[in-house]
Amino acid sequence: MAASRQFGDPGLFGEAWADDYDEKTPLDPRPAADFLAGLAGEGRALELAIGTGRVALPLAARGVRVEGVDGSDRMIRRMRAKPGGDRIPSVVGDMADVPVEGPFTLVYLIFNTLFNLLEADRQQDCFRNVAKVLEPGGAFVVEAYVPDPSFFDRGQRVETLDVTEDSATIEVYRFDLAAQRFHSQKITFDVDGVHLRPHAERYCWPSELDLMAAHAGLRLDRRFEDWSGRPFGPGSTGHVSVYRTAL
């Protein structure tokens, strides 16, 4: 399964996390779905890294015509097993290639998932290929955290995530500060043995995303701190950025 895949493989995250992704990331999708529905209007919407449909399904329930791309067939099968999931057209592929036909009114990439592309060139490819499938005036929405340099201190990190009577879970990180990249393993020790969940990201700041967007012919339209529309400011730890094509 995940052990046979390499960091940078588009399917690695899904193969490692699909079985209990929803349980391990119990986030309320409604604020994101409300925000995105307002941008999609009557047009087509595309979710890159659609996963188990956490946001796509409530967005489709609002009447939006949602389609998806994900690197993991395992993730897409989890979505299709949910009510309404089989009605969302989805393809398995590298999200940086945006392997679908446009035009779309809205493309969105949320929950830091752009950072799963481990090379700056591939992140730039994603912006460029999104721009190709957006209709004139269409929106590309990116949700991500603002990197905290203190988290990357000294090139490595170990965190204790959980300790119970019969298990312990830790997460270990190794950072490459020059490449703005980390590799991590979430490790659980229990009576059944050792369980590994690998992950890797190439993180970047909003200003770098703005530059990638500009190189792809997109412009920053609006930026908020979160899905509620709170203003983005110097103390914000996350952002929801809306980029647009020219009319």
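Trainee: Is Val194 buried or exposed?
Mentor: Good place to start, and keep in mind that this is a predicted model. Val194 has a relative accessible area of 54%. The cut-off for the exposed class is over 50%, so Val194 counts as exposed.

Trainee: Which strand holds Val194, and which residues form a nonpolar patch with Val194 on the surface?
Mentor: Val194 is found in strand S9, which covers residues 193–202. The patch has about 290 Å² of accessible area in total. Besides Val194, its members are Phe189 and Leu196.

Trainee: Let's go inside. Which element gives the most residues to the largest nonpolar core?
Mentor: That core has 34 residues, and Leu48, Val107, Leu114, Phe127 and Phe140 have the most contacts inside it. Elements giving two or more residues are strands S1, S4, S5 and S7 along with helices H6 and H7. With five residues, the top contributor is H6.

Trainee: Which residues does Phe127 contact, leaving aside neighbours within four places in sequence?
Mentor: Phe127 is among the residues with the most contacts inside the largest core. Its partners beyond those neighbours are Leu114, Phe140, Val142, Leu209, Met212, Ala213, Ala216, Leu218 and Tyr243.

Trainee: Is Arg128 buried, partly exposed or exposed?
Mentor: Arg128 lies in helix H6. Its relative accessible area is 35%. The buried class is under 20% and the exposed class over 50%, so Arg128 is partly exposed.

Conventions: Residues numbered from 1 in each chain as written. Predicted model: local features only at pLDDT ≥ 70, side-chain atom pairs only at ≥ 80, totals over all residues. Heavy atoms only, no water. Core = buried A, V, L, I, M, F, W, Y, C linked by side-chain atoms within 4.5 Å. Buried < 20%, exposed > 50% of the residue type's maximum accessible area, 1.4 Å probe, protein only. Helix = DSSP H or I, 4+ residues; strand = E, 2+ residues; numbered from the N terminus. Contact = heavy atoms within 4.5 Å. Patch = residues over 30% accessible without salt bridge, like charges linked within 9 Å, V, L, I, M, F, W, Y side chains within 5 Å. Areas by Shrake-Rupley, 256 points an atom, 1.4 Å probe, with all protein chains shown as cover. Salt bridge = Lys/Arg side-chain N within 4 Å of Asp/Glu carboxyl O.
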